[in-house]
Amino acid sequence: MASSSTFLRFWLTERPRDTLLSFVSKEDLPAFRLACHDFSVRAAPLLFKEINIDFRASNFTKPARMAALDRIGHHTRTLTFTMAHTPETFLPPLLDPTTGEEVTFIYEPYTQTLRDSASRLSNPTYGSWEMTDVLVKQYSPLFHAAANVPSFIRAFSSLRNLKHLKISCPGQEAIQRYRRSIVDYVLISIRIAVERSNLSSLDTLSLVSIHPGAVLYLNPVMGFGALPNSVKRWKRIKNLTICMDSIPFTPYPPSDHLKLLHSYLQLFASSVTDFVFRWQGVKGLSPLSLDKEVCLQKSSPDMACPRRCHLALRPLKFEKLRKMEVENLVVDASQISSFIIAHRHTIRDFNFEDTHLRSGDWDQALKPLTRISGSEKWKEKAEEVMDVPLLLDPVGLEEKRVNEALVDYFNCKPRPSRPSIGAWQKAGSRSRELLGGTPEHFRRFLRTSVFSWR
């Protein structure tokens, strides 16, 4: 590098260098960093800006991996944490080794970090030595890694510039929704690690492909190991995206998970500016108006806590919401109308994708827009319809031959001396009939062409 002054000046100028590195693919960046020390230093922020962690038992326990995370963690801006529901994450009942009876396990996260091995061995990890012995013998190392909260705290402390946290835990079967698995213990450890790490830049949270019960373990208000100041950490989130396995819409759906979701969204009511929510699978109820659902206001034998079912849900209102998008919903027109009115002072953009109106129509649902804007001009932009041309490509022909064929085609085609407007309209309708008609019409149209089409 020192012998080439021109390249040296280019490389030491920040903007051209960053522009060059932006065009280097992420697959080539590791080899690029091996060229020299300065290349390694300059390319590291781009290479480690986004990292993915597929949780395994040894992710946060091997000293070499933790040392590597300490070196690169300050470059990370987006972390994607994935742990799928598999047979390995299933937790069978605990059995007493002597009597064979089922043992009740009350989990309390062990968060104390002990430096010396003598202190670590003098404190049971799971409340008592008897319970610790049963868990060690009957549960896999993956469970103990998931419940190792201090290792999660150390890992997240290395990501001090983290801005976006993505959590994905797909694959849970509906029959397992009321059973706790290893994935749930991982979510508890992640929540505690975020609350006890200095992540001052974290303002975006994406929960992608999560099961309905996940919000119970991510909620600091009712979560395991929560502290009085835990809620303060999560109130810094400004962008929230949730993609959740759907709870089928029935006259009396299981309301426990819906109430947990409502309570979790209340946590972000004072801070979120951008909110996106999608149901995966069949359509579900709107998470923005669960307080108005009749099924959540009545007693039902499906509820896990029937004594508390009479308590009314507090209406959900985002104080700073500017953009909102929901998808795959079943909702009433009156619920959409009430939501728009409640957020009319802050919201600027809202989108209802794949939404089925259970009652009313869209004119009733969007009626508050007329009141807000003072006119009905917004209806003129509600729907855009346009003709999109169909472009096909000739196969196996050079450009010169294509041009020659087109010239011959138009020279040999008979043309009327005075083409009238009616003739153009007739030709246009014929083309539309062939292009927009049945598949047989379309095939006949292509067979009359001079090219082979794809």
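Me: What share of the contacts in the protein with a separation of 6 or more comes from residues 24 or more positions apart?
Reply: In this predicted model, such residues account for 79% of those contacts.

Me: And how many helices and strands are there?
Reply: The protein has 19 helices and eleven strands.

Me: What percentage of the residues count as buried?
Reply: Of the 454 residues, 38% are classed as buried. The accessible surface of the protein is about 27000 Å², and carbon and sulfur atoms contribute 55% of that area.

Me: Turning to the rings, how many aromatic pairs does the structure hold?
Reply: There are 26 aromatic pairs in the structure. One of these joins Phe7 and Phe10, whose ring centres are 6.2 Å apart.

Me: Why is that pair called tilted?
Reply: The planes of Phe7 and Phe10 stand at 40 degrees, so the pair is tilted; planes under 30 degrees apart would count as stacked, and those over 60 as edge-to-face.

Me: Where do Phe7 and Phe10 lie?
Reply: Both belong to helix H1, which covers residues 5–11. They are three residues apart there, about one turn of the helix.

Me: What are the relative accessibilities of Phe7 and Phe10?
Reply: Phe7 has 31% relative accessibility and counts as partly exposed. Phe10, at 30%, also counts as partly exposed.

Me: What about Tyr107 and Tyr185, how are their rings arranged?
Reply: Their ring centres are 4.9 Å apart and their planes are at 80 degrees, so this pair is edge-to-face.

Me: Are Tyr107 and Tyr185 buried or exposed?
Reply: Tyr107 and Tyr185 are both buried.

Me: Which residues do ring pairs link into a cluster?
Reply: The cluster consists of Phe105, Tyr107, Tyr126, Tyr139, Phe143, Tyr185, Tyr217 and Phe224.

Me: New topic: where is Glu293 found?
Reply: Glu293 sits in the loop between strand E9 (284–285) and strand E10 (323–332).

Me: Is Glu293 buried or exposed, and why?
Reply: Glu293 is buried because its relative accessible area is 4%, and buried means under 20%.

Me: Which residues does Glu293 touch?
Reply: Leaving aside residues up to four places away in sequence, Glu293 touches Leu285, Gln335 and Arg358. With Gln335, the side chain of Glu293 also makes a polar contact of 3.1 Å, side chain to side chain.

Terms used: Residues are numbered from 1 along each chain as its sequence is written. This is a predicted model: local features need pLDDT of at least 70, side-chain atom pairs count only at pLDDT 80 or more; totals for chains, interfaces and linings use all residues. Side-chain values use heavy atoms; hydrogens and water are left out. Helices (H or I, at least four residues) and strands (E, at least two) are DSSP runs, numbered from the N terminus. Buried means under 20% relative accessible area, exposed over 50%, partly exposed in between (1.4 Å probe, protein chains only). Contact means heavy atoms within 4.5 Å. Accessible areas come from the Shrake-Rupley method with a 1.4 Å probe; for residues, only the protein chains shown count as cover. Rings of Phe, Tyr and Trp (its six-membered ring) pair if their centres lie within 6.5 Å; planes under 30 degrees apart count as stacked, over 60 as edge-to-face and the rest as tilted. A polar contact is a pair of N or O atoms within 3.5 Å; within protein, one must be able to donate a hydrogen and the other to accept it, and residues adjacent in sequence count only if both atoms are side-chain atoms.
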